[in-house]
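Here is a short tour of a protein model for anyone who likes to think in grids, probes and contacts. Please take a look at the structure before reading on.

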Amino acid sequence: MDLKRIAFLEKPAYIFDLDGVLVDTAVFHYQAWKRLANSLGFDFSEEQNEQLKGVSRIESLNKILSWGSVEKSIVEKEQLAQLKNEWYLELVAKMTPEDVLPGALSFLKAAKKAGKLISLGSASKNAPLILEKTGIAAYFDTIVDGNEVSLSKPNPEVFLCAARKLNVAAEACVVFEDAPAGVEAARAGGMAVVGISLDGGLQHVDLNVKNLGELLSN
C-alpha cells in the first residue's frame with residue numbers, strides 16, 4: 001500500500017505522537033493513576049483520564065491531586081510520580097507488536113517506502129521502551145520524548161525539537177495527533193496536523209481519520 005495523494009501528506013517529514021496514534025497505553029496510564037489515587041484515599045475516573053492526554057507526568061499528578069483535594073510537597077510529588085511510573089512500566093513490559101494500533105504499522109511502512117523523515121514527538125518518558133516492545137523503533141529516524149523537553153503540549157517545544165533533529169523547517173512537517181493539546185501544539189509550531197479520533201471530533205486539524213490506515217490507498 002502507498003500513501004494517499006493528499007497535498008499536505010507530500011511534506012517531507014512526519015512527526016507522530018505515541019499514545020492513541022501508534023499504540024494505546026492510555027488504559028495502562030489509567031490503571032496506574034487510579035491505583036495511585038485509590039492509595040491516597042480517593043477515586044479517579046476514565047473521564048478524568050481523558051483530560052491527561054498529552055500532559056506530562058508531573059502536570060498529570062498535579063491535576064489528580066487537585067481533583068482529590070490532596071496537597072503534597074515537591075519531594076512527595078516526585079516520589080508519587082515515580083511510584084505511578086513503576087506501576088505503569090509493569091504493564092508496559094507486557095506489550096508486544098500486537099499492541100500497535102490498526103493501520104499504524106502499514107502506514108509507517110508506506111511512509112518509509114516513500115522516503116519520509118520520521119520522528120516521534122511524545123510527552124512520554126517511556127517512549128523508547130514502548131517502541132522497542134512493539135517492534136516499531138526501526139521506523140524512526142529520531143525520537144523526541146519527555147526526557148528531552150521540559151515544556152508540555154500545548155507548547156510546541158516537542159514538535160519543534162523533532163523538526164530540528166530531522167533538519168527540516170516546521171512548515172515541512174505533518175504531525176499525527178489524537179489530543180487537543182497536541183493539535184494546539186502542532187498548530188503553534190506552524191505544522192500541518194492529522195487528527196486521529198474514532199469520533200472525528202478533533203478541531204483545528206487538516207484532516208480527521210479513525211486510524212492511520214485510512215491514509216493509505218488500496
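How much space lies in the largest pocket? About 1100 Å³ lies there, the volume being the space filled by probe spheres set on grid points that are joined across faces, edges and corners. A pocket here is an open set of points on a 1 Å grid over the protein atoms alone, where a 1.4 Å probe fits, with protein on both sides within 12 Å along at least five of seven lines; lining residues have an atom within 4 Å of a point.

A word on the model itself: it is predicted, so local features need pLDDT of at least 70 and side-chain atom pairs count only at pLDDT 80 or more, while totals for chains, interfaces and linings use all residues. Residues are numbered from 1 along each chain as its sequence is written, and side-chain values use heavy atoms, leaving out hydrogens and water.

**The pocket**

The lining counts 50 residues, and Asp-19, Leu-52, Lys-53, Gly-54 and Asp-178 lie nearest the centre. By class, there are 20 nonpolar, 17 polar and 13 charged residues. Helices α1 (26–39), α2 (46–50), α3 (57–67) and α4 (74–92) each supply at least two lining residues, with α4 giving the largest share, five. Helices (H or I, at least four residues) and strands (E, at least two) are DSSP runs numbered from the N terminus.

**The annotated site**

In the unreviewed UniProt entry, the annotation "binding site" covers Asp-17, Asp-19, Glu-177 and Asp-178. These residues are spread over 162 residues of sequence, yet their largest C-alpha distance is 8.8 Å. Of them, Asp-17, Asp-19 and Asp-178 belong to the lining of the largest pocket. Such annotations may be inferred rather than shown by experiment.

Asp-19 sits in the loop between β2 and α1. Beyond its neighbours within four places in sequence, Asp-19 is in contact (heavy atoms within 4.5 Å) with Thr-25, His-29 and Asp-178.

**Around strand β2**

Strand β2 (residues 13–16) points Ala-13 and Ile-15 one way and Tyr-14 and Phe-16 the other, and all are buried, meaning under 20% relative accessible area with a 1.4 Å probe, protein chains only. The table gives the pairings of β2; strands pair if DSSP finds at least two bridges between them.

| Partner of β2 | Sense | Bridges | Residues facing each other |
|---|---|---|---|
| β3 (residues 117–121) | parallel | four bridges | Ile-15 and Ser-119 |
| β5 (residues 173–177) | parallel | four bridges | Tyr-14 and Val-174 |

Notes: Buried means under 20% relative accessible area, exposed over 50%, partly exposed in between (1.4 Å probe, protein chains only). Ala, Val, Leu, Ile, Met, Phe, Trp, Tyr, Cys and Pro count as nonpolar, Asp, Glu, Lys and Arg as charged, and the others, Gly among them, as polar.
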